[in-house]
Amino acid sequence: MRKFVILGGGYGGQAIAADVIEKQLPIDVEVILVDRMPYQGLKTEYYALAAGTVSDLDIRVKFPQDPRLTTCYGEVLDIDLENKFVHLEGQDPIDYEWLVVGLGCTDNYHGIEGAEEFSTSIQTLSNARKTYQLLNDIKPYGQVSIIGGGLSGVEVAAELREARSDLNIRIIDRGPSVMSAFPGSLQKFVSSWFREHNVEMLSHISLCRLEQGALHDSNTDQTILTDVTVWTAGIQPVEIVQRMNLPKDKQGRLIVNEYHQLPDYNDVFICGDCASLPFSPSGQAAGAQGKQIAEVMHAIWSNKTPKLGKLKLKGVMGSLGKKSGFGLMGSTPMMGKIPRLIKSGILWKSKRHFG
C-alpha cells in the first residue's frame, strides 16, 4: 500500500482528510492521520477555555470516520525526508509515499529572559487547560497580565473579564495600541470596550525579563507586578520545522511552491502555520490550503495536472465576550453584535464539519 500520511489533525489536516476520502481513492492508497489526541481542538476558541467560559468538550471536533482513513495517535519526534519516514515517540516509524506537515505553531518568546518559564500559554489544548487552572485559582482582586495586544490577547482579556469581574486585568503591548495591525476605527472600538469594562491597557512596553510575579520593562526600567502572566505575543512554527534546514521566510515558515509542496521534496506538503503563505497564520488559511492539497492529491492519483485557484480568505472575526465583537470583511471593519454572531455561526459549522 502507498501511504498518504497527514501530520496534524488541526484545521488543515481535518480539511485534507475529509476532502481526500470524499472522492474515490486508488485501491492501493492508505490515508493515515497522525495527531496527539483522538480529536481536533478548535484552536480559535482556546481563549474561552482558558477564561473558563466553555468546557473543553465544547471545543472538540471528532475526526472523520471512514474505513479508508487510519488514525494514529502519538507525538511526532522527527521527519526523515531522505528516507521518507516519520518517527513517533514510543512507536515504530511510519513510512510514506506522500506526506503533509501540518503540525501548527508554538509560542515565540523573542529571546526574552524568563518568558517561557514565568508565563502561561494558550497554544495547545493542554496549555489552555493549565492556563484555566492558574486563572481560576487567582484570589479575588488578583492581577492578570496578558502579554500581546493582538487578536488572541484581546479575546483572552475580554472573555476573562466576563468570567471574573473581580480580577484586575491588563494588556501589555510593545505597540501604540491594542489591535495595532487593524484599521484605526476598529482599534478605537476595542480600546473603548476595554475602558468601559475596566481592562487596563499598557502600550510601548518592551519587556526584557520575566520572573515570578514581576515583569521588567527595558524602556523605563520599571517593574510591573503580576499574579499570572498569559503569553500571546507571537508565534513560530513548531520545533520540528525549526530544525529543518530548508528555505524559510522571515517568520521561519517553510517556502512552498504553487502546489503547497516543498520545492526540493515534491512528495511533501506543508500546511497551515508551518507554511509561508501571504496571510497571517489562521485556521481559515489552513483549512483553505488543506482543501487545495486534497485537490492536488486527487490530480496526482488521476495522472492530471492540478489547477488551483488563488487562496482567498473571507475575513477575520474576533470576540469581546459573548455579546460583542469585531471583524474585517475584506477592508471593511465590523463592530458590535453582528461580527460576534458571525463568529458563533462559524464555530457551529466547524464543529459539524461544514467548513
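Predicted model: local features only at pLDDT ≥ 70, side-chain atom pairs only at ≥ 80, totals over all residues.
How far is the sulfur of C72 from the closest cysteine sulfur? The distance is 18 Å, and the partner atom sits in C274. That is too far for a bond.

A disulfide is a covalent bond between the sulfur atoms of two cysteines. The cut-off applied here is a sulfur pair within 2.5 Å. Searching the whole structure turns up zero disulfides. C105 is in no disulfide either. For C105 the nearest cysteine sulfur is again that of C274, 8.0 Å away. Are these two cysteines buried or exposed? C72 is buried, at a relative accessible area of 15%. C105 is buried too, at 9%.

Next, the helices. Helix 3 covers residues 125–136, twelve residues in total. From first C-alpha to last, helix 3 reaches 16 Å. Which residues of helix 3 are buried? They are L125, A128, T131 and L135. Viewed down the axis of helix 3, the buried residues fall within an arc of 115 degrees, so they line one face of the helix.

Now to a sheet. Strands of a sheet pair through backbone hydrogen bonds, either parallel or antiparallel. Here three strands form an open sheet, ordered 14-15-16, with antiparallel pairing. Which strands stand at the edges? Strand 14 (207–211) and strand 16 (223–225) do. Each has a single partner strand, so one side of each is left without a neighbour in the sheet. On average, neighbouring strands of this sheet are turned by 20 degrees against each other, direction ignored.

One pairing can be followed down to residues. Strand 15 (residues 214–217) runs antiparallel to strand 16, and three bridges join them. H216 stands opposite T223 in strand 16.

Terms used: Residues numbered from 1 in each chain as written. Heavy atoms only, no water. Helix = DSSP H or I, 4+ residues; strand = E, 2+ residues; numbered from the N terminus. Expected span 1.5 Å × (residues − 1). Buried < 20%, exposed > 50% of the residue type's maximum accessible area, 1.4 Å probe, protein only. Arc of directions from axis to C-beta. Pairing = 2+ DSSP bridges. Axes fitted to C-alpha atoms, helices over the stretch in contact; angles between N-to-C directions.
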